[in-house]
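The following paragraphs lead the reader through a protein structure, beginning with the packing of its helices and moving on to aromatic pairs and individual residues. Please keep the sequence and the model in view while reading.

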Amino acid sequence: MQYTINVRGRLVDLSQPMVMGILNATPDSFYSGSRKQTEAEIAERANQIIAEGGRIIDVGAFSTRPGAEVVSVEEETARLKRALQIVHREQPDAIVSVDTYRPLVARRCVEEFGADIINDVSEGGLTGIVGQAIHEEGDMFETVARLGVPYILMSVQPTLEKMMMGFAEEVQRLHSLGAKDIILDPGYCFGKTLEQNYEIMKHSERLLEFGLPVLVGISRKSMIYKLLGGDPTTSLNGTTVLNTIALQKGASILRVHDVKEAVEATRLLQQF
């Protein structure tokens, strides 16, 4: 599929799959290997993502795993400000997304701290931390439209049918507000049982019916180790297998902890 997104006036081609590397400026993300808190750790991770072939650095400062502690708006903003400053210093030409479901945090990250993309795991405000309703000041869809940046809309729906219906309404509203660059994320492991995750992935090519790029984030998630055993630290092989399937079903962006392996998967598939 031929997709482009406008990143601060620069057209970014998604006709070939792109890899987004995860940088978590948090002490409690579900995968311990992704937690980066010191200046040196954040800088090293940003450089590693680009060196291994990643095109987007996704910076988060609030874990949304089940049971995660709530972080205040002020703390999340402070963490993101610091991390984004380091990322821009180390990799000034990288595309940077900010992983937040808070409209006020998203606005400041774009307007003040230089974020290029908003990555929202709440489906526009339905949920924040897994399984918890949220009540945030502001409206994310209105914020995205006003900022004019690409927006990753992640579904928290349990079935593909509900997901498709939700996306149809949400994309229509976003377009009516003036938002242009929308990326869909099926939201694996958000509001879904193990079986529902795999049923959605089995038929995920249907998401291409919207004519929008699709991002898949399954890196080291519970849908892998709950099926195979182990934990996030043992789930790289399963991640690569599912990433490959996602690419075959039309994913344009892979959001991953292990950038090198994901980039290799995209390069190998391009030979077929």
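Contact, in what follows, means heavy atoms within 4.5 Å. Helices (H or I, at least four residues) and strands (E, at least two) are DSSP runs, numbered from the N terminus. The model is predicted, so local features need pLDDT of at least 70 and side-chain atom pairs count only at pLDDT 80 or more, while totals for chains, interfaces and linings use all residues. Residues are numbered from 1 along each chain as its sequence is written, and side-chain values use heavy atoms, with hydrogens and water left out.

Two packed helices are described by the angle between their axes and the distance between the axes. Axes are lines fitted to C-alpha atoms, for helices over the stretch in contact, and angles run from 0 to 180 degrees between N-to-C directions. Angles under 35 degrees count as roughly parallel, over 145 as roughly antiparallel, 65 to 115 as roughly perpendicular and the rest as oblique. A crossing is left-handed if the near helix is turned anticlockwise from the far one by less than a right angle, and right-handed if clockwise. For the residues involved, Ala, Val, Leu, Ile, Met, Phe, Trp, Tyr, Cys and Pro count as nonpolar, Asp, Glu, Lys and Arg as charged, and the others, Gly among them, as polar.

Helix α1 (residues 39-51) packs against α2 at an angle of about 50 degrees, with the axes 9 Å apart. The two helices are therefore oblique to each other, and the crossing of α1 and α2 is right-handed. On the α1 side, Glu-39, Ile-42, Ala-43, Ala-46 and Asn-47 take part, meeting Arg-82, Ala-83, Ile-86, Val-87, Arg-89 and Glu-90 of α2. Sorted by class, this contact of α1 with α2 has six nonpolar, one polar and four charged residues.

Helix α2 (residues 73-90) also meets helix α3 (residues 103-111): their axes come within 10 Å and cross at roughly 25 degrees. That angle makes α2 roughly parallel to α3. Val-73, Glu-76, Thr-77, Leu-80 and Leu-84 of α2 make the contact with Val-105, Arg-108 and Cys-109 of α3. By class, five residues in the contact of α2 with α3 are nonpolar, one is polar and two are charged.

Helix α3 in turn packs with α4 at about 15 degrees, and the axes of α3 and α4 are 9 Å apart. This makes α3 roughly parallel to α4, and α3 passes α4 in a right-handed crossing. Pro-103, Ala-106, Arg-107, Val-110 and Glu-111 of α3 face Met-140, Thr-143, Arg-146 and Leu-147 of α4 in this contact.

How many of the eight residues of α4 are buried? Buried means under 20% relative accessible area, exposed over 50%, and partly exposed in between (1.4 Å probe, protein chains only). Six of the eight residues of α4 are buried, so the helix is largely enclosed by the rest of the structure. The cover over the buried residues of α4 includes α3, β6 (117-120), β7 and α5 (160-177).

Aromatic rings form another set of contacts. Rings of Phe, Tyr and Trp (its six-membered ring) pair if their centres lie within 6.5 Å; planes under 30 degrees apart count as stacked, over 60 as edge-to-face and the rest as tilted. The whole structure holds three aromatic pairs. In one of them, the ring centres of Phe-62 and Tyr-101 are 5.6 Å apart and the planes stand at 50 degrees, so the pair is tilted. Phe-62 lies in the loop between β4 (56-60) and α2, and Tyr-101 in the loop between β5 (95-99) and α3, 39 residues apart. Phe-62 and Tyr-101 are both buried. Phe-141 and Tyr-151 form an edge-to-face pair, 5.9 Å from centre to centre with 75 degrees between the planes. Because Phe-141 lies in helix α4 (residues 140-147) and Tyr-151 in strand β7 (residues 151-154), the pair ties together parts that are 10 residues apart in sequence.

Some loop residues also deserve attention. Asp-116, in the loop between α3 and β6, counts as buried at 6% relative accessibility. Glu-123 has a positive phi of about 55 degrees although it is not a glycine, and its place is in the loop between β6 and α4.
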